[in-house]
Amino acid sequence: MPARGGSKRLPFKNTLPLGGLPLLAHSIKYALEQQEIDAVYVSTDDENIKKIAIDYGALVIDRPQSLSGDLEPTISTLQHVLAELDDAAIETVVLLQPTNPLRPEILFKKVFIEFKAKNCTSVFTVTRNHDKLGKIVNNTFVPFNYTPGQRSQDLEPLYYENGLLYITTANAIRDGSIMTEDALPFVVEHPFSKVDIDTQEDLEYAEYVFNNITS
């Protein structure tokens, strides 16, 4: 779980409360409930996040400032964690983003079964988009995935990466990829897939979903 302290749009977001728990704690608790996961690590540069991680049962990898900037990709953090653990026996990495705190209870088991059964290098979760999308070109709206008048239910299926869950072989991480070229997309149609917290409005929506929708 990558959880740095800096956040411009929603300061201290990884420590903010959701349903009475710090945001980060939801992903930690979810990971600890999975029998297939051997160890749970949080990578952070922040002492408050470090304390929360330890309090809720995770191990902590101290992230250097050089890997904690706004533009630093997640793959760098995962590679740093593997290097710090220095354990060639690690075969699989599960990435849970704290900003996607709500996941269906059985999601991990379903995805992990697919990952093993199909001998995947990586798998990640996606959700179908049902919106009519377009571009604005020279102040004119140009439809992208539909023709004017087309019904939403007749749209060509398009999917977005929802951020709920990623599983990747450790070797692929070491080689620089979380989502490999042959990554298997696992479709999730659940209200939790729309929760991705980067703003105050996102957090308020997450609170509504948490209080009103079960997994």
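Let's start at Leu165: setting aside neighbours within four places in sequence, this residue is in contact with Val94, Leu95, Leu96, Leu107, Phe108, Val111, Val123, Phe124 and Thr125. Keep in mind that you're looking at a predicted model.

Now zoom out to the nonpolar cores. The largest one has 27 residues, and Leu165 is among those with the most contacts inside it, along with Met1, Leu24, Val42, Leu107 and Ile167. Who supplies this core? At least two residues each come from α1 (23-32), α2 (47-55), α4 (107-117), β9 (158-169) and β10 (184-187). Helix α4 gives the most, with five residues. Apart from this core lies another, made of twelve residues, including Val93, Val126, Ile173 and Ile178.

Next, have a look at α1. Eight of its ten residues are buried, so the helix is largely enclosed by the rest of the structure. Those buried residues are Leu23, Leu24, Ala25, His26, Ser27, Ile28, Tyr30 and Ala31. Their cover includes β1 (17-18), β2 (21-22), β3 (41-44), α2, α4 and α6 (200-212).

The structure holds two aromatic pairs. In one of them, the ring centres of Phe108 and Phe112 are 5.5 Å apart and the planes meet at 20°, so this pair counts as stacked, the cut-off being under 30 degrees. Both residues lie in α4, four residues apart, or about one turn of the helix, and both are buried. Ring pairs tie Phe108, Phe112 and Phe115 together into a cluster.

Terms used. Residues are numbered from 1 along each chain as its sequence is written. This is a predicted model: local features need pLDDT of at least 70, side-chain atom pairs count only at pLDDT 80 or more; totals for chains, interfaces and linings use all residues. Side-chain values use heavy atoms; hydrogens and water are left out. A nonpolar core is a set of buried Ala, Val, Leu, Ile, Met, Phe, Trp, Tyr and Cys residues joined through side-chain atoms within 4.5 Å. Buried means under 20% relative accessible area, exposed over 50%, partly exposed in between (1.4 Å probe, protein chains only). Contact means heavy atoms within 4.5 Å. Rings of Phe, Tyr and Trp (its six-membered ring) pair if their centres lie within 6.5 Å; planes under 30 degrees apart count as stacked, over 60 as edge-to-face and the rest as tilted.
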